Amino acid sequence: GINAEYGKSGINAEYGEDCLALIRLDDLFLESFEIADVKTTLKGDHLARAIGRIAGKGGRTKYSIENVTKTRIVLADSKIHILGSFQNMRIARTASCNLILGSPPAKVYGKMRTVASRMSERF
């Protein structure tokens, strides 16, 4: 099931609490996709830059997306795994896809924060 997929994604022991959360919570989902699914023409250095744009300097971009959307993101080679509620996962996926496609991080942050604040107003 979903827990096996999370385990197969190459996650080490530091994400053990995330695995437990997957088992305990009903509204927690895992989505995995390849960078090639978003933009098929990326190869070599261009692929590495796309991964770098998602990670950001020292992991800052990834942590910002995680904190704003309340998700957990794992970058495993050219695969991206996003763990979170369905709505939050969609916001994080959109932000990641925009970064892969070359949007500037500042623009992605702005859109992501706007959407996330709208989502929190609804509930």
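Guide: Before we start, contact here means heavy atoms within 4.5 Å. This is a predicted model, where local features need pLDDT of at least 70, side-chain atom pairs count only at pLDDT 80 or more, and totals for chains, interfaces and linings use all residues. Residues are numbered from 1 along each chain as its sequence is written, and side-chain values use heavy atoms, with hydrogens and water left out.

Visitor: Leaving aside its neighbours within four places in sequence, what is T61 in contact with?

Guide: T61 is found in helix α5, residues 60-69; helices are DSSP runs of H or I, at least four residues, and strands are runs of E, at least two, numbered from the N terminus. Once those neighbours within four places are set aside, T61 touches R53, I54, A55, G56, L99 and Y109.

Visitor: Does T61 count as buried or exposed?

Guide: Buried means under 20% relative accessible area, exposed over 50%, and partly exposed in between, using a 1.4 Å probe and protein chains only. T61 has 6% relative accessibility, so it counts as buried.

Visitor: How are α6 and α7 oriented to each other?

Guide: The axes of α6 (residues 86-100) and α7 (residues 105-122) come within 10 Å and cross at roughly 165°. Axes are lines fitted to C-alpha atoms, for helices over the stretch in contact, and angles run from 0 to 180 degrees between N-to-C directions. Angles under 35 degrees count as roughly parallel, over 145 as roughly antiparallel, 65 to 115 as roughly perpendicular and the rest as oblique. That is why α6 and α7 are roughly antiparallel.

Visitor: Which residue just after α5 takes a positive phi?

Guide: Look just past the end of α5. The phi there is about 55°, and the residue is K70.
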